[in-house]
Structure formats: C-alpha cells, structure tokens
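This report describes a structure for a reader who has not seen it before. The sequence and structure come first, and the notes follow.

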Amino acid sequence: MPIQYYIYLALTLFSIGVVGVLTRRNAIIIFMCVELMLNASNLLLVAFSKMHYTNALATNKETLIGIEGQLYVFFIMVVAAAEVSVGLAIIVMMYRNIHSIDINFLNRLKN
Amino acid sequence: MNNLVFLVPLFPLLGFLANGLGRKSLSKSLISIIGCTSILCSFILSVLLFSSVKSSGAINVSYFNFINVSSLCIPFGFQIDQLSSLFLLIITGIGFLIHVYSSVYMNDEKTIHYGRYFAYLNLFVFSMLLLVMGNNYVIMFIGWEGVGLCSYLLIGFWFKNNSYNYAAKKAFIMNRIGDLGFLLAIFWIINRLGTVSYEGVFANFNKLSSYDLSIITILLFVGAMGKSAQIPLYTWLPDAMAGPTPVSALIHAATMVTAGIYMIVRSNVLYSHAPSTQNFIAIIGIATALFAASIALFQNDIKKVLAYSTVSQLGYMFLGLGVGAYTGSVFHVMTHAFFKALLFLGAGSVIHAMHHEQDIRKMGGLRKYMPITNITFLLACFAIAGVPPFSGFFSKDEILAAAFEKNPIYYYLGVIGALMTTFYMFRLYALTFLGKFRGTHEQEHHLHESPFAITIPLIVLAFLSVFGGLIGIPEVFAKNAHWLANFLKPILHANEIEATEPHVNNNELIMMAVATTLILTVIVFTWNKFKRYENTETEPTGLKKILLNKWYVDELYDILFVRSIDFIAASFKNIIEKSGIDGIVNGIGTMINYTSRQVRFVQDGHVGSYILMMVVSMIAIIFIWINDGTIIQLINKIF
C-alpha cells in the first residue's frame with residue numbers, strides 16, 4: 001500500500017488526539033487522547049520502517065534496514081505505559097483534592 | 001628673575017585657597033593678614049619685574065602646553081614686557097591698598113563671610129594677573145573669564161538680597177555677551193594664522209586680509225565692550241554698585257574694566273591697520289563718555305555717580321584708542337585707577353561713617369567730621385576734572401590732543417564731556433562735604449573719621465593722584481620728557497611711529513589754557529551753587545527726569561531682549577518640555593502599564609488555553625522551519 005495512506009491515517013489520528021487534549025474537560029479522556037497521539041506516531045514509525053525494508057529488498061535479499069523504526073516503537077510503548085501510571089496517580093490526587101476530574105477547576109494560577 | 005615670574009600669580013592663588021578653605025577655622029585677623037600679604041608679595045615681585053624689564057627688556061617664559069592638537073600648540077606662558085609690568089604694578093599696588101582697606105571696612109561681617117570675601121578678592125587678583133601676564137590670547141581669555149566670574153561672586157556677595165543677585169547675574173551675562181565676540185575673534189585668528197601667541201600673531205599680521213583684520217578687531221572690541229562697559233553693554237556697571245565698596249573700587253574702577261583697554265593696546269598692531277574699526281571705537285568711546293556723563297549729572301547715590309563716571313572715563317580711554325593714542329589711553333588707565341579708586345574708597349569711608357546711607361541728599365557738611373576723607377576726595381575731584389598739575393590733566397589732555405589731530409569734533413565733544421565731568425564730580429563733593437549736615441541727629445552723633453586702615457590707603461592714592469601725572473609730561477612743556485611714552489615704545493610697533501611720536505601742535509598750549517579755564521569756571525560755579533543746598537527737590541520733569549532714569553535704557557533692553565527671551569523660554573518650558581518631552585517619557589510608562597494589564601489576562605489559569613497556545617506556536621515554528629527560504633526571499637523583496 002502506498003506510504004501516503006499510512007501518513008494520512010497517522011495525521012488524522014494525531015490531530016484527533018490534539019483536538020481532544022485541547023477541548024475535553026475530563027482528565028481521563030485527555031489521557032486517552034494523549035495515548036492516541038503516541039499511537040499515531042508509533043503507526044508512522046512502523047509504516048516507514050516497512051517502507052525502507054521493502055525498498056531495500058529489491059537490492060539485497062538479506063537486509064535489516066528498517067529495524068530501528070520497529071525497535072523505537074517498543075521504547076515509545078514503554079514510555080507510554082510509565083506515563084499512564086504516573087498520570088493516573090496524579091488524577092487520583094487531583095480527585096482527592098477537588099472531588100472532581102474536571103480540569104477547569106485547576107485555575108489557582110489565575111491572575 | 002625669569003624663574004620667579006610664576007610666583008606673581010601664585011601668591012594670590014594660594015591666598016584664595018587658604019582663605020576659601022579655611023574660612024570656618026581661621027580668625028578674622030589671620031584671614032586679612034593672609035589676604036593682604038599675598039598681594040603684598042606679588043607687589044614686591046612686580047616691582048622687581050618692573051625694574052628688570054626697564055633695564056633689560058621683555059621676559060617671555062613658557063611652562064607647559066595648554067592645548068596641543070595636531071598643528072595647533074597653545075603654550076601656557078607669561079610675557080612680562082613694558083605694558084604687562086606697568087599693569088602688574090597697578091593691579092598689585094592698588095589691589096594691596098584695597099585689601100588693607102577691606103580688612104576694616106568688612107569687619108562687621110561674620111568670619112565665614114569675611115573669609116569668603118578675601119578668598120574672592122584674591123581669586124580676582126589672580127585672574128587679573130593671568131590676564132595681563134599671558135603670552136597668548138587664550139591665557140588672556142582664561143583670565144578674562146576669571147575676572148568676570150569674580151565680578152559676579154563679589155557683586156552678589158551679600159547674596160541674601162535678591163536685587164543684588166540680579167545685579168550680579170546682569171553683570172555676568174553682559175560680560176558673556178562680550179566674551180562671545182572675543183571667542184569668535186580667537187577662532188578667526190586660529191583659522192587664519194594657526195597661532196594665538198602674541199609674537200606669532202603680530203609678526204604675521206600681514207597674512208590677514210583687510211577684511212579679516214576688520215572683523216577680528218571688531219570682534220575683539222565687542223569683547224572689550226562687554227568687559228569695559230561701553231555702549232551698548234554698559235548697563236551692568238551701575239547696577240554692580242550693589243557689591244561692597246572696596247569691590248567697586250578694585251574691580252569696577254581700577255582693574256577689571258581696564259582689561260578691554262589692555263587687550264586693545266596689546267593688539268595695537270592689528271588695530272593700527274584697521275582704520276574703520278578705529279573710527280568705530282572712537283565714536284563709541286566719545287558717545288559713551290557723553291552719554292554716561294549726562295546720566296551722572298543728576299544721580300543722587302554716591303556710588304551711582306561714580307559708576308557712571310567710570311563708564312564715562314572708560315569712554316575717554318576708548319576714544320584715545322580709537323584715534324591711535326595708545327600711550328595716552330594707558331596713561332589714562334593709570335591715572336584713572338588712582339583717582340577713581342580714591343573716589344570709591346573715599347565714598348566707602350563716607351558710607352561707613354553714615355552707617356550705609358548712600359543718598360547724597362541726606363549728607364552734607366562732612367568736611368568737619370572727616371577731614372582726611374574730605375581732603376583726599378577733593379584732590380581726587382581735581383584730578384578727575386583735569387586741573388593741572390594733577391594727574392588727570394596730563395592723561396586726559398594727551399587723549400584730547402590726539403583726538404584733535406584726528407578730527408576736531410572729537411576734541412570739542414571731549415571738552416564738553418570734561419566739563420560735564422567737572423560739574424557732576426563737584427556737585428557730588430559739594431553735596432557730600434560742604435554745607436550743613438542734612439541727616440538725622442542719630443547719624444550725626446556717630447560721624448567720625450575712619451580708622452587708619454581706611455585713611456592710609458586714601459592718603460597713598462591721593463599722593464599718586466596728585467603727582468602721578470609727572471611721568472607723562474607732554475612735548476609742549478618739555479622736550480622728550482614723556483617718560484611713559486618712551487617706556488612703552490617697544491610694545492607699540494614700528495608702523496605706528498606717527499601715533500607715538502610726539503606732536504607739537506602750535507595751538508596746543510592755547511587749547512590747554514582754554515580748557516583749563518573753562519573747567520575752573522565750572523568748578524567755581526558748581527561749588528557756589530551746591531554749597532548751600534537744601535533738599536527742596538520736587539518731582540523732576542522733562543530732560544532731568546529722563547537723565548535721572550538713565551535714558552530708560554534698562555527699560556528698553558527689558559522690552560527688546562528680556563521679554564522676548566522670557567517668552568521663548570516659557571514656551572519652551574510649557575510646550576516642548578512639559579507636553580512634549582515629559583509627555584513622551586510619561587507616555588511610555590503609561591503605555592507599558594496599559595499593555596501589561598491587557599497581557600495579564602493571558603494567564604487565566606486554564607490549563608487548556610496554555611496547551612492551545614503551545615500547540616499553535618509549535619505549528620508556527622514548524623511552518624517557519626520548513627519554509628525558511630521563501631520567507632527570507634519575501635523579506636528581502638519587501639526591504
């Protein structure tokens with residue numbers, strides 16, 4: 001499949017994630033959108049990795065050219081998991097303080 | 001002897017520093033001793049220098065380079081030649097007498113002010129010495145400015161009185177106007193000749209075109225107009241009588257006002273080759289002489305009469321310069337220093353005895369109470385009137401004889417001026433010393449002769465006023481007896497032989513006799529008219545009122561210059577300063593304040609808006625990063 005389809009899809013997912021972060025009020029939904037952005041970049045990495053491999057196969061049967069992309073994806077997933085745990089801990093603390101998870105109540109930096 | 005030249009101005013400078021810095025800690029007697037001995041030491045050195053110059057000629061020493069830029073080198077040096085040494089004697093001699101006089105006259109002051117007074121007086125003598133001793137125009141200008149400054153400081157000595165401060169400001173500002181002319185002349189000389197030293201300028205004056213010469217000489221004369229109180233810059237001198245009387249004697253009779261004459265005599269080479277300027281000087285001189293004499297006729301304050309008399313006599317000196325009688329003018333400077341200082345000091349003695357009453361209508365009959373002051377004042381009046389054989393006769397007659405050579409009208413106007421001088425001086429004498437005392441009984445009880453420190457200088461000056469003319473006996477009386485002319489010949493350059501060579505005019509004896517007779521007649525007339533004066537004056541009318549109000553010149557200057565400058569200054573203050581500059585500066589502050597208040601709302605505490613701004617700016621950065629080249633092309637096309 002031409003690489004453009006993957007790029008368009010990743011772009012769409014990423015922008016949906018961004019808009020979600022900017023617009024939603026529920027902290028957990030914001031988290032899900034952050035995950036969505038991370039996954040969009042993962043998708044892009046894997047797609048490019050496959051593209052390079054397919055291109056290199058034409059010249060060399062035994063090539064490992066696109067392996068960095070797929071390796072990097074693992075790192076991103078690990079980071080995402082760690083981030084989720086920390087983030088959820090923060091949300092719990094937030095709930096304990098203001099008994100809600102509406103981010104609009106976090107405005108003590110106002111003025 | 002050359003090594004000691006620098007000591008002459010050094011003593012007064014040290015006296016200034018000692019009295020100025022120590023005015024709180026020294027006692028009055030110590031202050032006066034420091035002040036007087038510094039001038040005495042300078043006087044002794046001046047006598048030594050004078051005899052040295054008389055025997056062996058001029059001395060010229062340079063100490064260091066005052067200004068040294070590329071081709072222009074202005075050394076700081078002293079030139080003691082015949083003219084300088086003569087002036088040195090006058091300045092330090094009369095300065096010393098006045099210091100001694102002041103030590104008693106100013107005794108009522110507090111010690112701090114006493115010390116300040118002597119410090120200023122010493123600073124004045126220092127500046128005046130710099131002026132006459134410098135060997136180039138720039139050093140003269142330093143002294144010139146210095147004496148202007150000291151004049152301001154001393155006129156406004158009693159600074160708690162606001163009108164005295166105005167008088168001091170007026171003197172300084174009018175001096176400054178003249179100084180502008182002087183500075184322009186110096187710049188012109190530097191531009192044309194590349195040097196300002198006297199030797200350099202006078203040796204190379206041929207390189208100046210006649211246009212250059214006339215401009216330079218006129219600009220120098222403008223400087224002299226301001227310093228020596230000629231029309232139109234003379235109005236500061238009568239107001240300067242606000243200062244203490246010894247100050248008036250020293251500064252405004254004997255020394256500072258003669259600085260202009262010194263400068264012109266020093267530059268006699270330039271002036272002798274600029275005949276149009278010389279005519280101008282002569283006209284201004286005689287006009288000032290007559291104008292000031294007319295104002296002095298009806299003044300009622302002792303010091304004002306003497307002030308206008310000074311302006312008038314200065315006019316005579318400039319008349320002498322204008323007709324080329326340089327020796328005559330220097331001679332008149334000398335004799336005028338003697339008798340005018342004597343007149344002022346005598347007036348001070350009278351004022352002191354009358355407890356600071358200066359109106360002559362309230363005096364009278366002081367002859368009985370103050371004999372020494374009376375005699376010396378009378379001798380000075382004879383000297384200033386020009387009665388032979390007093391000193392004033394010889395000097396004034398020399399000027400008038402030279403004026404007659406140039407143009408008889410100068411002579412006739414000069415004689416009229418001399419008669420007016422006689423009239424107002426003897427009116428002053430008669431109203432002060434003759435007749436009955438017209439003051440209060442209170443004042444009468446306190447009248448007594450002044451102490452020795454006041455009367456001794458009076459006696460010395462009287463001696464000089466009577467016999468000082470004998471150094472300049474004219475040709476008609478004795479062949480080649482004019483000692484002063486022979487002495488000053490080296491500084492008056494060879495081309496001016498016709499000015500210094502003695503003229504023997506056949507009619508001169510007759511003219512002298514006629515003039516003297518007229519003067520004696522006026523003396524007798526005035527004596528009799530005013531010796532029985534009763535104060536029955538009504539409000540003056542007509543010409544007398546105009547003369548009493550000084551021809552309304554001060555009012556004229558006020559309307560012409562002071563009001564317009566005040567208006568310009570006020571408009572600058574209100575429009576440009578308050579609304580303009582202050583508006584801009586305050587406006588920037590207000591604008592920042594306003595902007596920050598608006599920008600504050602960015603921080604509203606909503607995390608969402610923060611993230612939105614972050615995302616937007618990231619998009620912008622990436623956009624710019626990708627399209628770097630096209631953006632630069634766009635900017636280059638616009639600019």
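## Contact between the chains

The contact takes 11 residues from chain A and 10 residues from chain B; two residues are in contact if their C-beta atoms, placed from the backbone, lie within 7 Å. The side of chain B that touches chain A has 4 nonpolar, 4 polar and 2 charged residues. Here Ala, Val, Leu, Ile, Met, Phe, Trp, Tyr, Cys and Pro count as nonpolar, Asp, Glu, Lys and Arg as charged, and the others, Gly among them, as polar.

## Basis of the model

This is a predicted model, in which local features need pLDDT of at least 70 and side-chain atom pairs count only at pLDDT 80 or more, while totals for chains, interfaces and linings use all residues. Residues are numbered from 1 along each chain as its sequence is written, and chains are lettered from A and ligands numbered from 1 in the order in which they are written.

## Chain A

Chain A has 3 helices and 0 strands; helices (H or I, at least four residues) and strands (E, at least two) are DSSP runs, numbered from the N terminus. Its C-alpha atoms fill a box of roughly 60 × 25 × 25 Å along the principal axes.

## A hairpin in chain B

In chain B, strand S1 (residues 59-69) and strand S2 (residues 72-80) pair in the antiparallel sense over 9 bridges; pairing requires at least two bridges found by DSSP. S1(B) and S2(B) form a hairpin with 2 residues between them, and Ser70(B) in the turn has a positive phi of about 35°. Val69(B) stands opposite Leu72(B) in S2(B).
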